[in-house]
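Hello,

The structure is below, followed by notes on what was found in it. Please read the notes with the model open.

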Amino acid sequence: MTAEPNAPGHNKQYYEEEEQLLIVLKQLGGLSWSEIALRFNESVPEDRHRTASALENKWRQLQKTHHLVDLSHIFLEQG
């Protein structure tokens, strides 16, 4: 298994809007981390692109610091 290459946004702090985008994408439900990364990167400037691994790590950090709960399973059950 090869490691993901660093994205241009590597080691840059997340803007609040990027954190909110990540939360929304994660709560959509049913998206893999690679799909989340694709949608995230389509929505931000190229120099802010992130890898799927970086977004997953950021999500875990946000869960701890903002006491976020993953509600994606609720959306999947309703669909």
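Helix packing

Helices α1 and α3 are roughly perpendicular to each other, a term that covers angles of 65 to 115 degrees. Their packing angle is about 95°, and 11 Å separates their axes. The axes are lines fitted to C-alpha atoms, for helices over the stretch in contact, and the angles run from 0 to 180 degrees between N-to-C directions. On the α1 side the contact is made by Glu19, Leu22, Ile23, Lys26 and Gln27, and on the α3 side by Leu55, Lys58, Trp59 and Leu62. Contact here means heavy atoms within 4.5 Å.

The pair α2 and α3 is also roughly perpendicular. Here the angle is about 100° and the axes lie 8 Å apart. From α2, the residues Trp33, Ser34, Ile36, Ala37 and Phe40 meet Ala52, Leu55, Glu56 and Trp59 of α3.

Basis of the model

This is a predicted model, in which local features need pLDDT of at least 70 and side-chain atom pairs count only at pLDDT 80 or more, while totals for chains, interfaces and linings use all residues. Residues are numbered from 1 along each chain as its sequence is written, and side-chain values use heavy atoms, with hydrogens and water left out.

Overall make-up

The protein has four helices and zero strands, in the order α-α-α-α from the N terminus. Helices (H or I, at least four residues) and strands (E, at least two) are DSSP runs, numbered from the N terminus. Of the 79 residues, 34% are buried; buried means under 20% relative accessible area, exposed over 50%, and partly exposed in between (1.4 Å probe, protein chains only). The accessible surface is about 5,500 Å², and carbon and sulfur atoms hold 52% of that area. Areas were computed by the Shrake-Rupley method with a 1.4 Å probe, and for residues only the protein chains shown count as cover. Among contacts between residues at least 6 apart in sequence, 62% join residues at least 24 apart.

Helix α1

Helix α1 covers residues 16-28, which makes 13 residues. From first C-alpha to last it reaches 19 Å, close to the 18 Å expected at 1.5 Å a residue; the expected span is 1.5 Å times one less than the number of residues. Its buried residues are Glu18, Glu19, Leu22, Ile23, Leu25, Lys26 and Gln27. An α-helix has 3.6 residues a turn, so residues three or four places apart point the same way. Val24, also in α1, is partly exposed at 49% relative accessibility. Between Val24 and Ile36 there are 9.9 Å, C-alpha to C-alpha, at a sequence separation of twelve residues. After α1 comes Gly29, with a positive phi near 85°.

The nonpolar core

The largest nonpolar core has 14 residues, and those touching the most other members are Leu22, Trp33, Ile36, Phe40, Leu55 and Trp59. Such a core is a set of buried Ala, Val, Leu, Ile, Met, Phe, Trp, Tyr and Cys residues joined through side-chain atoms within 4.5 Å. The elements giving two or more residues to this core are α1, α2 and α3 (52-66). In soluble globular proteins, nonpolar side chains tend to be buried together.

Ile36, in helix α2, is buried at 1% relative accessible area. Beyond its neighbours within four places in sequence, Ile36 contacts Leu22, Leu25, Lys26, Leu31 and Leu55. Its C-alpha is 6.2 Å from that of Leu25, eleven residues away in sequence. Phe40, with residues up to four places away left out, touches Tyr14, Glu18, Leu21, Leu25, Arg48, Arg50 and Leu55.

Other residues to look at

Asn41 sits in α2 (residues 33-43) and is buried, at 18% relative accessible area.

Glu56 belongs to α3 and is partly exposed at 23%. Glu56 and Ser34 are 22 residues apart in sequence, with 9.6 Å between their C-alpha atoms.

Pro8 is in the segment before α1 and is partly exposed, with 46% relative accessibility. Not counting residues up to four places away in sequence, Pro8 touches Glu46, Asp47 and His49. Pro8 and Thr51 are 43 residues apart in sequence and 9.2 Å apart in space, C-alpha to C-alpha.

Regards

Notes: Angles under 35 degrees count as roughly parallel, over 145 as roughly antiparallel, 65 to 115 as roughly perpendicular and the rest as oblique.
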